[in-house]
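Here's a quick briefing to go with the structure below. Have it open in your viewer as you read through the points.

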Amino acid sequence: RGRVVLASVPAKAGAAKPTDPALRAAIARGDAADVAAYDDAVRDEPLLPALPAPGRVTRTVVDTMLGTTTWTLSNGMRVVVKPTDFKADEVLVSAFSPGGTSLVSDADALAAGFAPFAVTAGGAGRFDAVALQKKLSGTTVDLTPYIAEMTEGFVGSVSPRELEPLLQLLHLYFTAPRRDSVAYAALQRNFHTSLANRDLSPAAAFNDTIAVTLAQHHPRRRPLTAARIDSVPLDRALQIYRERFHDAGDFTVVFVGAVHPDSLRPFAERYLASLPSAGRVERGRDVGVHPPATRVERIVRRGVEPQSSTAMVFTSDFEFTPENRLALGAMDAVLEIRLRERLREALGATYGVSVSAAASKTPREEASLSVRFGSAPERADELVQAVLAELDSLRRGGPRAEEMAKVKETMLRERETNLRENGYWLSRLETTLQLGEDPRSAILGAESRVHALTADQVRDAARKWVDPSRFVRVTLVPER
């Protein structure tokens, strides 16, 4: 009496609705089960069973212009500290090292990318994931390992008064990742749940087609499936994790926020300088994921809604300089203004259009420009031609004076805001250090580059890096 039972099943073939007897039997099994009371005890022991012997700072460089202090530690690790007064209770942390999944075989790439999930599911040291969560409850410690294609590392944040437990956790993730086969099986089941009906999603099919077409069906860009998740052995994932993190000597750790070098230094010497180092020197490699050098078009027929989504992605070689990146970003902004006016306001054919340009230095210097919009299916071709027409106009005549003024004003206003954000400083310091650029020029010289930017530079950006004969177009349309 007074009980409501609700069951839901996927709307697809083979997914049978449960019967009343099956539901009643399930309830009866639950009623009859002997369930032990939950023990919510928190283990009263330190994160580290013994404090490591500290290393030392062997070199200090203070940059008064950037406001940074850089240490070289005795194990080779580099630490960069940027104190700010933007938020009184925030310290952002990033640790990174070159290599990433690019240094494993294609067959092991998924295991490498999945390895950090296996580690966080298993916990660290003598603490499983649940015990670790309880141990850190009531603190602001947040730290996550990752292995990307060209780098591996950690991202995190913490209150300045809790830097020590964060660095203890970082030390554990380096030295004592914990194997937990039960937690790993649960992790795989969670992925199964999230992927169970992915094949029914038109948006997933659309995005998967974009990815595999741009990668020319490279095995590293295959869509994620439950079968692929099941193919990753826990021991191989942990082995790759240890390979990537066993040598801390080529890592850089950046701290930005309410942190002072004097208070951080003893923790850095004890928990960072004490990490193992073998003196390796690595760099990520080109794994052969290259975009098509011609025009490629694909139609994805999924769903029944009378609407369409289109993506156009232009790719090109690129010379990775600050000036070129600025011109590419300005071209992106000008094109978005024009396409909004043309596609949404003049043609009334879409609610919105997004334009996104990006450039990379590793593993190759290249640039891309992505244009996405939604429309009625019968108007998709018309809007593709409108995009190409606006690009042609920009390539021939460049931006108008009012467009340049608006874009430069927006860039300067965003920069003024960004300079008061910890996240911006962390991102810019991390990027310049990874790429071997001068952070002074990259960060402090940005305003002068915006002022010096010309319409001719933006026009030339469209000419050099947007080739109308080299792009991928994918359009999602309903099945009927």
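Glu447 comes out as partly exposed, because its relative accessible area is 37%. Keep in mind that this is a predicted model. Glu447 belongs to helix H15, which covers residues 446-452.

- Once you set aside the neighbours within four places in sequence, Glu447 touches Leu412 and Arg415.
- Ala41 is 406 residues from Glu447 along the chain, and 55 Å separates their C-alpha atoms.
- Glu269 sits in helix H9 (residues 261-272).
- Why does Glu269 count as buried? Its relative accessible area is 17%, and the cut-off for buried is under 20%.
- With neighbours within four places in sequence left out, the contacts of Glu269 are Pro54, Gly55, Arg56, Val57 and Ser274.

**Aromatic pairs**

- The model has 14 aromatic pairs.
- One of them is Phe114 with Phe191, an edge-to-face pair with 5.1 Å centre to centre and 65° between the planes.
- That pair ties together distant parts of the chain, as Phe114 is in helix H2 (residues 109-122) and Phe191 is in helix H5 (residues 181-195), 77 residues apart.
- Phe114 and Phe191 are both buried.
- Phe174 and Phe245 also make an edge-to-face pair, at 5.9 Å centre to centre with 75° between the planes.
- Here too the pair links distant parts of the chain: Phe174 is in helix H4 (residues 163-175), Phe245 is in helix H8 (residues 234-245), and they are 71 residues apart.
- Phe174 is buried, and Phe245 is buried as well.
- Which residues do ring pairs link into a cluster? They are Phe154, Tyr173, Phe174, Tyr241, Phe245 and Phe251.

**A charge over a ring**

- Lys82 has its charged end over the ring of Trp425, 4.1 Å from the ring centre.

**Helix H16**

- Helix H16 runs over residues 455-465, and its buried residues are Val458, Arg459, Ala461, Ala462 and Trp465.
- Looking down the axis of H16, you find these buried residues within an arc of 160°, so they line one face of the helix.

Terms used
Residues numbered from 1 in each chain as written. Predicted model: local features only at pLDDT ≥ 70, side-chain atom pairs only at ≥ 80, totals over all residues. Heavy atoms only, no water. Phe/Tyr/Trp six-rings, centres within 6.5 Å; stacked < 30°, edge-to-face > 60°. Helix = DSSP H or I, 4+ residues; strand = E, 2+ residues; numbered from the N terminus. Buried < 20%, exposed > 50% of the residue type's maximum accessible area, 1.4 Å probe, protein only. Lys NZ or Arg CZ within 6 Å of the ring centre and 35° of its normal. Contact = heavy atoms within 4.5 Å. Arc of directions from axis to C-beta.
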